[in-house]
Amino acid sequence: MKANLNQLSFTDIYSNVDEYFQQDKPKLIKLFEQHIDLQNLITQSFYNHYHADTGHPRIYKLSSMISALILKSMLSIADTSLFINILNLSSELRDICGFTTVPNASQFSRFKIKFEKDLKNFFDYLVEITDPICDEINSYLNDILIVDTTGIEAYVNENNPKKFDTLFRQCKALSKNNPTFNAHSFACSKMPKVSYANPDIKLSYMNGHYCYALKTSIVTNGLGIIRDIDFLNDKSTNITEAATASEAKDKYDSKSLIPTLNKFFSKHDFKYKYFLGDAGFDAVDNYKYLYKDKNIIPIIPLRRAPSSPMPGFNENGVPTCPNDNKLLMKFDGITREKGRSDRIKWICPKSKKTRINGKTQYILTCENPCTTSKCGKIYQVPIDNNIRMHTVIPRNSSKWNKLYKTRTIIERTNFMMKYPLALQYTKLNNTESLKSEVILSAITQLIVVLIANNMNNTQNILSIKKVIS
């Protein structure tokens with residue numbers, strides 16, 4: 001069993017996923033009907049809110065409305081009107097949802113707006129019940145926490161390319177008599193910071209371009225299974241304060257991590273060993289929060305290497321040999337003593353650790369030792385001195401690089417939500433509707449996890465194609 005788990009391809013869930021959704025949709029829908037009892041999954045608080053203060057019985061069951069929205073996501077349908085037409089044509093889909101008549105577009109819209117917070121609570125409940133499943137599949141990857149910021153582009157006038165092109169042409173006219181004038185940058189600076197239609201939709205820089213989006217923070221484990229969604233609202237961040245767009249995004253990312261994780265840990269009593277984040281999270285406060293407050297080892301690359309490394313250390317915070325600054329000291333673990341801060345132990349690169357008569361000893365092979373010690377030079381570097389540079393797992397070490405490679409799984413999760421689950425194509429600009437669509441995409445992923453578990457097919461839980469085979 002363990003051998004099979006170690007051979008899992010954690011990108012299977014994303015491989016050929018578009019082709020899968022075109023060819024095998026009906027099979028997955030049938031599995032949803034066979035293996036998911038949505039009425040028993042929905043929380044009682046959701047039922048209470050749904051049936052409260054209506055003044056008359058609900059026409060549609062709560063489980064029917066949620067089932068329909070999950071199936072809409074599974075079918076990669078962004079447009080509600082199109083989905084309603086499909087429901088009207090398919091008696092099988094109506095039966096699965098429990099509809100005798102089909103709701104109209106406004107009923108679906110009002111449901112997403114009014115019950116956005118209930119959908120989020122339902123998602124949080126699914127996170128709780130899927131965590132043991134993830135742990136059984138691969139406890140090592142379930143001990144990894146990954147966070148990334150993204151944005152869901154809204155259907156607003158400012159996202160129309162013609163809006164920016166018109167402004168850009170006007171700015172180019174100003175540059176005719178001034179060759180040093182950067183018309184593109186000036187046009188970007190003149191774009192409004194929020195959408196006229198909805199101030200929650202803000203000018204953002206994502207995937208190499210500006211757009212108006214609902215800023216979102218996605219939290220997954222090392223398996224790529226979504227653990228939390230946070231909708232960011234940091235009014236203090238302004239992209240004009242940074243020199244470049246990428247610097248603005250990094251600045252925003254660095255501020256978002258602690259609020260996002262505080263909300264996450266307030267809902268779930270989960271323990272994690274490692275945190276993986278891109279260079280945007282490279283901030284001293286984030287290292288302190290993760291390592292000291294949450295006892296999580298941060299694996300974060302430097303946003304930029306220091307121009308003047310500390311004397312005796314390289315640009316990654318690794319001490320060097322006193323006689324040869326190109327020769328790096330060897331990592332020898334973490335020293336922990338009561339009443340003292342944790343220290344990183346570094347030993348001479350020409351010193352070998354061995355066991356003689358049950359005791360640890362060091363054998364020095366240096367021809368020109370820098371110390372009279374028989375074990376060679378030893379550094380004990382307190383992590384508190386510079387928690388950003390003196391990382392528990394040295395940057396660019398084999399272990400650090402192996403861990404950091406896992407981070408890309410969250411990029412694939414973002415892609416899955418936006419394209420196969422159709423978030424990128426929604427024609428919405430209402431804040432609650434957009435949030436509900438994001439949450440429903442995450443709920444759909446967790447429903448697939450539950451389907452695989454109920455089929456006793458957890459070995460292939462990350463591959464939708466294998467789950468249904």
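These legends describe close-up views of one predicted model.

**View 1. The whole chain.**
This is a predicted model: local features need pLDDT of at least 70, side-chain atom pairs count only at pLDDT 80 or more, and totals for chains, interfaces and linings use all residues. Residues are numbered from 1 along each chain as its sequence is written, and side-chain values use heavy atoms, with hydrogens and water left out. The chain holds 19 helices and 13 strands. Both are DSSP runs, numbered from the N terminus: helices are H or I with at least four residues, strands are E with at least two. Of the 469 residues, 50% are buried. Buried means under 20% relative accessible area, exposed over 50%, and partly exposed in between, with a 1.4 Å probe and protein chains only. The accessible surface of the chain comes to about 23,000 Å². Carbon and sulfur atoms account for 48% of that surface. These areas come from the Shrake-Rupley method with a 1.4 Å probe; for residues, only the protein chains shown count as cover.

**View 2. The largest nonpolar core.**
A nonpolar core is a set of buried Ala, Val, Leu, Ile, Met, Phe, Trp, Tyr and Cys residues joined through side-chain atoms within 4.5 Å. The largest one has 115 residues. Within this core, Phe-111 and Ile-447 touch the most other members. Helix α18 (residues 431–454) gives the core its largest share, 12 residues. In soluble globular proteins, nonpolar side chains tend to be buried together.

**View 3. Around Ile-447.**
Which residues does Ile-447 contact, leaving aside its neighbours within four places in sequence? They are Phe-32, Ile-36, Leu-38, Leu-41, Ile-70, Met-74 and Leu-126. Contact means heavy atoms within 4.5 Å.

**View 4. Cysteines without disulfides.**
The whole structure has zero disulfides. A disulfide is counted when a pair of cysteine sulfur atoms lies within 2.5 Å. Cys-375 is in no disulfide: its nearest cysteine sulfur, that of Cys-348, is 9.1 Å away. Cys-375 counts as buried, at 17% relative accessibility. Cys-211 is also buried, with a relative accessible area of 2%.

**View 5. A three-stranded open sheet.**
The strand order is β9-β10-β13, and the pairing is antiparallel. Two strands pair if DSSP finds at least two bridges between them. β9 (330–335) and β13 (378–382) stand at the edges. Each has a single partner strand, so one side of each is left without a neighbour in the sheet. β9 and β10 (residues 343–347) pair over four bridges. In β10, Arg-343 is the bridge partner of Thr-335.
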